[in-house]
Amino acid sequence: MSDSSIRFVLDGEVIEIDDIDPTRTVLQFLREDLGRKGTKEGCAEGDCGACTVVVAEANGDDLSLRAINSCIQFLPTIDGKELITVESLAPDANDLHPVQRALVEHHGSQCGFCTPGFVMSLFALYKSNANPSRQEIDDALAGNLCRCTGYRPIIAAAQSMYEEADPQSDWLRQAFGTAQDPKERVERLDRLVRKDGLALEHDGHHFFAPLDIAAFAELYKQHPDATILAGGTDIGLWVTKQHRELETLIYTGRVSELKALELTSSHIEVGSAVTLTDVVPVLVKQYPGLDELFRRFASPPIRNAGTLGGNIANGSPIGDSMAALMVVGASLVLRRGGKQRELPLDAFYHDYQVNDMAPGEFLERIRIPMPDPGAIVRSQKWSKRFDQDISAVCTAYRLQLDGDKVADFQMACGGLAPVVKRATNCEQAINGQAWSRETVERAAAALAQDFIPISDMRASADIRMRATQNLLRRFFHETQGSLDETVYTYGRQR
Ligand SMILES: Cc1cc2nc3c(=O)[nH]c(=O)nc-3n(C[C@H](O)[C@H](O)[C@H](O)COP(=O)(O)OP(=O)(O)OC[C@H]3O[C@@H](n4cnc5c(N)ncnc54)[C@H](O)[C@@H]3O)c2cc1C
Ligand code: FES
Ligand code: FES
């Protein structure tokens, strides 16, 4: 049996809604239904951060707090959670949260419009990191745009918000005028835990949130035309920007097996609904050469909602994770009903937006092999901005040397073809050869046989190809230890 109303906590109250369009966004609900207008709409596509809110989930005896973009988050996905908006932080104007006080005192609220989003991203940082470095502050604000370029006072506020804090003014004690410690909040969320899945119906639109994989697989088999919804950071824009009608959504975010992340002696097993925020530290610990790629993947609010599975299944030619996962030999476990099969990721994409999944089949998990000792794995993202930008080109390499010779070289690229794919001619030009400048020059020339790049607003075909060849050269120099990292980190000095 499934429940047909959604329930979540807002300012200490449980809100229950039983008749709502499943694609109504959290932002629309706040501003239009509740008239709660502190949270702003800038872009409605997850880019500017004006709409940032924080969602709290019970995590054992504690709360995990994450900033998300309310403009592209569908309301049913916050079922069972606590929603915290800028209004939640200050019961009245004379009782500001330390983050807000720091912004006032450092003149960090300039236009005012983007400020609630900055407040909420800083609040999430304040709650998760007691002593952030400058880089951690920059990374936490990567999804908040200040169009008047007034980042200096905002960063000064972030650095001093901890000095502003005193326990009496902390929201966990005083917010909403009632004493509430984290335990009480966890208990309240525990009372919202469901025994059954969720099934909403509104005006011919359906939203299903099953709780286990058997129910999920069966539902999708019955509704092969339904849209599988994970973090919604791609799908949200289909609704807000393309105004697409999504008749039936089946949500992965409550399915325990799809949320599982497991390390075995041979693999990292990543359920398709694991968020990027959860999987990236595990992946980067095994493959440190992927650190910069994932730091530059969208922004914290997008990574808090978006999943690795969604990135792979969406299959955009400019998706960032796939090139890296291809060179490390990742495979996909696909499932239809009770039947599973495993497929190497580099055999998954056939053409632009065409992949190997049959109707009713879905991505269950991603299997990422543990690293081979001695292999070098790197990925490079080339985009106009360091933060929160889509790649013009994204490359990845895996290199295993045997003395001076190349025992195994793999390279994959996004942004150059209708799908992310391996550079097989380039690989052939390198495998078995001396790892030298001359070999790399021959391989750079061979890239032209692997890809016929497109021209678009991100880069022309010619620039894309030349950039890719230069990125390969750069990788070679990095393996020789002959590049100064501070010069080559795309303009941001570390
Ligand atoms: C502002 C912004 C910045 C972004 N920056 C980047 C970036 O830097 N790099 C990048 O690569 N991407 C970027 N993206 C795109 C997006 O965030 C990623 O592709 C993300 O990983 C999608 O995951 P999701 O869980 O949100 O997928 P969703 O939007 O929920 O789904 C995406 C697609 O995958 C399908 N799907 C999801 N799960 C499954 C499953 N288990 N089985 C079968 N199909 C499934 C859905 O049906 C849909 O077709 C950005 C997006 C935004 C809005
Ligand atoms: S309104 Fe710009 S990110 Fe949501
Ligand atoms: S303070 Fe809002 S755009 Fe700069």
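**Entry on the model.** I am working with a predicted model, in which local features need pLDDT of at least 70, side-chain atom pairs count only at pLDDT 80 or more, and totals for chains, interfaces and linings use all residues. Residues are numbered from 1 along each chain as its sequence is written, while chains are lettered from A and ligands numbered from 1 in the order in which they are written.

**Entry on ligand 1.** I found 31 residues surrounding ligand 1, the closest being Gly46, Ala230, Gly231, Gly310 and Asn311; a residue is near a molecule if its C-beta atom, placed from the backbone, lies within 6 Å of it. Two or more residues of this shell come from each of strand S8 (227-229), helix H10 (235-240), helix H13 (300-305), helix H14 (308-314) and strand S16 (362-369), where helices (H or I, at least four residues) and strands (E, at least two) are DSSP runs, numbered from the N terminus. I noted that H14 gives the largest share, 5 residues. By type, I read the shell as 13 nonpolar, 14 polar and 4 charged residues, with Ala, Val, Leu, Ile, Met, Phe, Trp, Tyr, Cys and Pro counted as nonpolar, Asp, Glu, Lys and Arg as charged, and the others, Gly among them, as polar.

**Entry on two loop residues.** I looked up His107, in the loop between helix H3 (98-105) and helix H4 (115-128), and found its phi near 55°, a positive value in a residue other than glycine. His107 is partly exposed, because 13 other C-beta atoms lie within 10 Å, and buried would take 20 or more, exposed 12 or fewer, with C-beta atoms placed from the backbone. I then turned to Gln388, in the loop between strand S17 (376-382) and strand S18 (393-402), which has a positive phi of about 45° although it is not a glycine. Gln388 counts as buried, because it has 22 C-beta neighbours inside 10 Å.
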